[in-house]
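Here's a quick briefing to read alongside the model. Take a moment to look over the fold, then work through the points below.

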Amino acid sequence: MKYPTRLSDAVHILAFIALYPDCDMTSNKLAESVQTNPAYVRQLMSALRRGGLLVSVKGHPRPTLAREPEKITLLDAYRAVEGNKPLLHQDIHTNPACGVGVNIQLVLRDFYLDIQKTAEQRMEEITLKNVLEQYHIRLEGIQKGGDCGCPGNFPQSTGYEASPE
């Protein structure tokens, strides 16, 4: 079974744009980093534009964030690329003549709704700034050990620097 990665790929794109504001960000370059195809990246970028998280002009490879990283939450990104899809899905193809088949799905629905609410609350608390700060912490650890693994011709110094606390 293939698991959905739209949210993590969308956050990857937003982070890449925040980290390299002075680099041309073609869908080909972004696709190389995500290890996917450029059409998928363009689809995600379109959803992020519609969601008010990204500003880009067709033919100009310099997309920018529509808001500061501290004002973009994981829930914003999730809503932009997934809409109102639930995180967990019930099996709607159970036997309607079976008491377990019908009732277990009703019980699970209640639990799934509770999980959805809890997850959305937590996603609302996590910002792109938090993601970028954790990225920098990990990057520092990798650089101490050697190569940072930057793809292509991207510089190792970045446009977004975590604020000192």
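Let's start with a word you'll need: a residue is called buried when its relative accessible area is under 20%, and exposed when that area is over 50%. Keep in mind that this is a predicted model. With that cut-off, buried residues make up 32% of the 165 residues in the protein.

**The overall layout**

- You can count 6 helices and 2 strands in the protein.
- Reading from the N terminus, the elements come in the order α-α-α-β-β-α-α-α.
- Take the contacts in the protein with a separation of 6 or more: 67% of them are between residues 24 or more positions apart.

- Helix H1 covers residues 6-19.

**The nonpolar core**

- In soluble globular proteins, nonpolar side chains tend to be buried together.
- In this model, the largest nonpolar core has 34 residues, and Ile13, Leu14, Leu48 and Leu128 have the most contacts inside it.
- At least two residues of this core come from each of H1, helix H2 (27-34), helix H3 (38-50), H4 and helix H6 (128-145).
- Which helix gives the most to this core? That's H1, with 9 residues.
- For a close-up, pick isoleucine 13: leaving aside its neighbours within four places in sequence, it is in contact with Leu30, Val34, Val41, Leu44, Met45 and Leu48.

**The largest pocket**

- The largest pocket has a volume of about 410 Å³.
- It is lined by 16 residues, and those closest to its centre are Tyr3, Pro4, Thr5, Arg6 and Glu82.
- H1 and helix H4 (74-82) each supply at least two residues of this lining, and H1 gives the most, with 4 residues.
- Sorted by class, the pocket lining has 8 nonpolar, 3 polar and 5 charged residues.

**The cavity**

- Rolling a probe the size of a water molecule over the atoms shows where empty space is left.
- How many cavities of 30 Å³ or more does a search of the whole structure find? It finds 1.
- The largest cavity has a volume of about 40 Å³.
- Its lining is made up of Val11, Leu14, Ile72, Thr73, Leu74, Ala77, Thr127 and Leu128.
- H1 and H4 turn up here too, each supplying at least two residues of the cavity lining.
- By class, that lining has 6 nonpolar residues, 2 polar ones and no charged ones.
- Threonine 73, one of the lining residues, sits in the loop between strand S2 (60-65) and H4.
- Is threonine 73 buried or exposed? With a relative accessible area of 9%, it is buried.
- Leaving aside its neighbours within four places in sequence, threonine 73 is in contact with Met123, Glu124, Ile126 and Thr127.

- H4 is mostly covered, with 7 of its 9 residues buried.
- Those buried residues are Leu74, Leu75, Ala77, Tyr78, Ala80, Val81 and Glu82.
- Helix H5 (residues 99-125) has 27 residues and reaches 40 Å from its first C-alpha to its last, close to the 39 Å expected.
- In H5, the buried residues include Gly101, Gln105, Gln116, Glu120 and Met123.
- H1 and H4 are among what covers the buried residues of H5.

**Two backbone spots to look at**

- Most residues other than glycine have a negative phi.
- Glutamine 35, though, has a positive phi, near 60°.
- You'll find glutamine 35 in the loop between H2 and H3, and its relative accessible area of 74% makes it exposed.

Terms used
Residues are numbered from 1 along each chain as its sequence is written. This is a predicted model: local features need pLDDT of at least 70, side-chain atom pairs count only at pLDDT 80 or more; totals for chains, interfaces and linings use all residues. Side-chain values use heavy atoms; hydrogens and water are left out. On a 1 Å grid over the protein atoms alone, a cavity is a set of points where a 1.4 Å probe fits but cannot get out, and a pocket is an open set with protein on both sides within 12 Å along at least five of seven lines; lining residues have an atom within 4 Å of a point. Grid points are joined across faces, edges and corners, and a volume is the space filled by probe spheres set on the points. Ala, Val, Leu, Ile, Met, Phe, Trp, Tyr, Cys and Pro count as nonpolar, Asp, Glu, Lys and Arg as charged, and the others, Gly among them, as polar. A nonpolar core is a set of buried Ala, Val, Leu, Ile, Met, Phe, Trp, Tyr and Cys residues joined through side-chain atoms within 4.5 Å. Buried means under 20% relative accessible area, exposed over 50%, partly exposed in between (1.4 Å probe, protein chains only). Contact means heavy atoms within 4.5 Å. The expected span of a helix is 1.5 Å times one less than its number of residues.
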